[in-house]
Amino acid sequence: MVDVMPLVLFIALSLVVFVFSLRGARKAFGNQKVAMRKLAEALNLPLSGGEPVIPNVSWLSFMRSPEYISGVYNDLVLTIRIETRGKGEGQSTYSVLDVSLPHHEGGAPIDEISISAVGWLSSVGLSLGRKPLTTGDDAFDKVFAVKSADADFALTVLLPELRAQMIDVWDIHDVRGTIHVRESGIHYEEPNSLRTDVQVRRFTALALMCSKLGAVVDAARAIRS
């Protein structure tokens, strides 16, 4: 007679793991939904998305497509969303903020500018010869590594009031990511999905700062064209 007990135990254990995974996923989706709603309210922008992933299965109704925030904020289009990249064990989730800049016909393209807090990676870059730009603002240069192939443009857009605001935002809100100034706009992302009140406050402050930076970049770019 075949001993079915190992199979029964395996099935039972698999069910337990599935139930706990389901609970964890439900809680994660719930926290993300609450955080995105709070952020949308703080920015006074609409919250979109959130449709059921499997609409015909009621008990999986909590599994919904990622919600995102998008609308005009300080005269520029601001979008905040959650992105999942990769598959399986290599899958990663990011919270992403974009400020879109209008297209200028015939304008001179700009080289990307990256702005991140000075840390281990910045030190490695420095040792390899990729030196950050120096703004002349000692308080700012001690905190940030600014890198760009177009030093003149980077230093033009980093106005004193923007540098001061960046220092405050990084210090108060423990910013974890890097800002990229691109031809299409201002891009910021950090690891993990947006779920906590700390992240809500951080992204509220970043939205204001990035929109101001976007307006300055757009004005400087228009002059160059």
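Helices and strands here are DSSP runs (H or I of at least four residues for helices, E of at least two for strands), numbered from the N terminus.

Before going on, a word on what you have loaded. This is a predicted model, where local features need pLDDT of at least 70, side-chain atom pairs count only at pLDDT 80 or more, and totals for chains, interfaces and linings use all residues. Residues are numbered from 1 along each chain as its sequence is written, and side-chain values use heavy atoms, with hydrogens and water left out.

**The strands.** Keep S3 (residues 76-85) and S4 (residues 92-100) on screen: the two run antiparallel, joined by nine bridges. Strands count as paired if DSSP finds at least two bridges between them. Pick Ile80 and you'll find its bridge partner, Leu97, in S4.

Val72 sits opposite Val77 in S3. This hairpin has two residues between its strands, and Asn74 in the turn has a positive phi of about 55 degrees.

**Helix H4.** Jump to residues 151-157 and pick Ala154. Is Ala154 buried or exposed? Its relative accessible area is 0%, so it's buried (under 20%; exposed is over 50%, partly exposed in between, with a 1.4 Å probe and protein chains only). Show what's in contact with it (heavy atoms within 4.5 Å): leaving out residues up to four places away in sequence, Ala154 touches Ile113, Leu133 and Ser148.

**Helix H5.** Next, select residues 160-173 and zoom in on Arg163. Arg163 counts as buried because its relative accessible area is 13%. Where does its side chain go? It reaches the backbone oxygen of Leu158 at 2.7 Å. Setting aside neighbours within four places in sequence, Arg163 is in contact with Thr135, Asp137, Phe140 and Leu158.

**Zoom out.** Show the whole protein and count six helices and eight strands. Along the sequence they follow the pattern α-β-β-β-β-β-α-α-β-α-α-β-β-α. Of the 225 residues, 36% count as buried. For contacts with a separation of 6 or more, 64% come from residues 24 or more positions apart.

Definitions and conventions. Polar contact = N/O pair within 3.5 Å; in protein donor to acceptor, adjacent residues only side chain to side chain.
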